Amino acid sequence: MAHPLSLADLMVPFERRTLHPWMSRNVRPIAEPDQVYPALLHTTAPRMAYLHVPFCANHCLFCGFYRNKSNEEAMADYTDRLIDEIALDGARAGMQGAPVEAVFFGGGTPSALSARDLNRILEALREHLPLTPDCEITIEGRVAGFDDERVDACIEGGANRFSIGIQTFDTALRRRMGRKASKEEAVDFLAGLVARRRAVIVCDLIYGLPVQSDEMWRRDVALCEEIGLDGVDLYCLALHAGSPLALSIDKGALPQAADHEAAQRRYREGGDILDAAGWTRISQAHWRRSECERNRYNNATKRGADCLAFGAGAGGMLAGHRFMQEGNAETYQARVAAGEKPLGAMLAPAPHHRACGWVMESLEDGTLDLQALEGVVEAGFAAALEPLFAHWAGQGLVSREQSSLCLTVSGRYWYNNIAAQLFMLIGAYIDGPRAAAAVHPDGHAAGMPRPLSFPSKPQGHPHEQRSHHP
């Protein structure tokens, strides 16, 4: 039974961006995730897998997720336990019944591991998990320390995609953000990877950094075409509370980050440069130059696909259940050594998980088919949202094309906010306003529901600014 919708509180401009539209207050934690996890493996839908490497050579200013300083002995021990966890999970009933279509090594800095350890992990994945023949295997890395031996070890182990954290090519700005390699070193490194022709090469760039000028940004984006990369992510800076960058700004050591007007301008200009060079936008933040770049992992996890998780602090998703593993590396290793799956927390599926996943996938593509939306939710839902759609159009967020709602550049910039509102309204329409109030009890003037805080590594990727796991 459909319920009437109150849209008045949403008819205000967005003021700040939400990063996690999936998180809601009425999703209950599961008391004994260890008892639930084995049953979740008995599905047949294709899966992804995320491996977390919580080690970095140094703490970059923009990152709020630094955990452990790189140490050869500690990283070798960690690799041993990571391989043990992969083997333990691979032997579980149901694990072999669903193909793994993409694997992502995130961090931290996976490329900080030794060549031998990188190769060992890749071999363990092939031995214990049902990887598809065309499985996309991505290694996330940085320029400094990612030498030929490590690259060769990854390729020999089956890695076929490298995602390099560039953020900016400008040498002075890179140094201020904690990046050691110069522009010339970064360009030469990427060009060397491209010249191998053994893997897809992508990088990420961040717009909105303090000190970053429009000209710096345009030059950064243009370099992706000049180098011959296969893909690029254009991420908006996410200022994480307590990060060195946020603290530096608060103390006045750095100027403020770009405001929304400047950030949207750079997002638009970056896309225009890539579009003019013949690149194709395949998600809100990702462009590709060649069809060999699939971006399979990121696209699947953003829409809520199943994702296995391995490593300290890794996050995953199975049958709508989001889970986070033990974040402390030493505790993680002790639990794996004891034969446990080192789960730290698990949340029950969000209300109407499948419908919300469909909405998220549509928004990533930039077009919301309103007739299909009615079928995914309930009859009359799209019609009930017409006043909100008109408001979004008036704000320049969407345009109407026949029976579809198309995101403008501004709409793509704010797409997580749009998704959060649609998720809330799906619940309100199906379950009633009281249920929706439980999801977002204090919708505020920013026009965006407040999400539940749930520990997660940035779909880096963090996954705005590099959030690769669910």
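User: Where is K180 placed?
Analyst: This is a predicted model. In the model, K180 sits in the loop between helix 5 (171-176) and helix 6.

User: How far apart are K180 and R142?
Analyst: In sequence, K180 and R142 are 38 residues apart. In space, their C-alpha atoms are 9.6 Å apart.

User: On to helix 6. What span should its residues have?
Analyst: Helix 6 has 14 residues, which should span 20 Å at 1.5 Å a residue. The end C-alpha atoms of helix 6 are 20 Å apart, in agreement with that.

User: Which residues of helix 6 are buried?
Analyst: A186, V187, F189, L190, L193 and V194 are buried in helix 6.

User: Why would residues with gaps between them point the same way?
Analyst: An α-helix has 3.6 residues a turn, so residues three or four places apart point the same way.

User: What is on the face turned away from the buried side of helix 6?
Analyst: That face of helix 6 carries the exposed residues D188 and A195.

User: And what covers the buried residues of helix 6?
Analyst: The cover includes helix 4, strand 6, helix 5, strand 7 (200-207) and helix 7.

User: What follows helix 6?
Analyst: R197 follows helix 6, and the phi of R197 is positive, near 55 degrees.

User: You mentioned helix 4. Which of its residues are buried?
Analyst: Helix 4 covers residues 148-156, and R150, V151, A153, C154 and I155 are buried there. These buried residues pack against helix 3 (115-128), strand 5 (131-141), strand 6 (161-167) and helix 6 (183-196).

User: New topic: helix 2. How many residues does it have?
Analyst: Helix 2 has 19 residues, 72-90. From first C-alpha to last, helix 2 reaches 27 Å, close to the 27 Å expected at 1.5 Å a residue.

User: Which residues are buried in helix 2?
Analyst: The buried ones are M75, Y78, T79, L82, I83, E85, I86, D89 and G90. Down the axis of helix 2, its buried residues fall within an arc of 155 degrees, so they line one face of the helix.

User: What about helix 7 and helix 9: at what angle do their axes cross?
Analyst: The axes of helix 7 (residues 214-227) and helix 9 (residues 260-276) cross at roughly 30 degrees and come within 9 Å. The crossing is right-handed.

User: Which residues make that contact?
Analyst: Helix 7 brings D214, W217, R218, V221 and A222, while helix 9 brings R265, R266, Y267, E269, G270, I273 and L274. The residues of this contact divide into 6 nonpolar, 1 polar and 5 charged.

User: Where does H391 lie, by the way?
Analyst: H391 lies in helix 15 (residues 386-394). H391 counts as buried because its relative accessibility is 14%.

User: What is H391 in contact with?
Analyst: Leaving aside neighbours within four places in sequence, H391 is in contact with L10, M11, V12 and P13.

Technical notes: Residues numbered from 1 in each chain as written. Predicted model: local features only at pLDDT ≥ 70, side-chain atom pairs only at ≥ 80, totals over all residues. Heavy atoms only, no water. Helix = DSSP H or I, 4+ residues; strand = E, 2+ residues; numbered from the N terminus. Expected span 1.5 Å × (residues − 1). Buried < 20%, exposed > 50% of the residue type's maximum accessible area, 1.4 Å probe, protein only. Arc of directions from axis to C-beta. Contact = heavy atoms within 4.5 Å. Axes fitted to C-alpha atoms, helices over the stretch in contact; angles between N-to-C directions. Left-handed = near helix turned anticlockwise from the far one by under 90°. Nonpolar A, V, L, I, M, F, W, Y, C, P; charged D, E, K, R; others polar.
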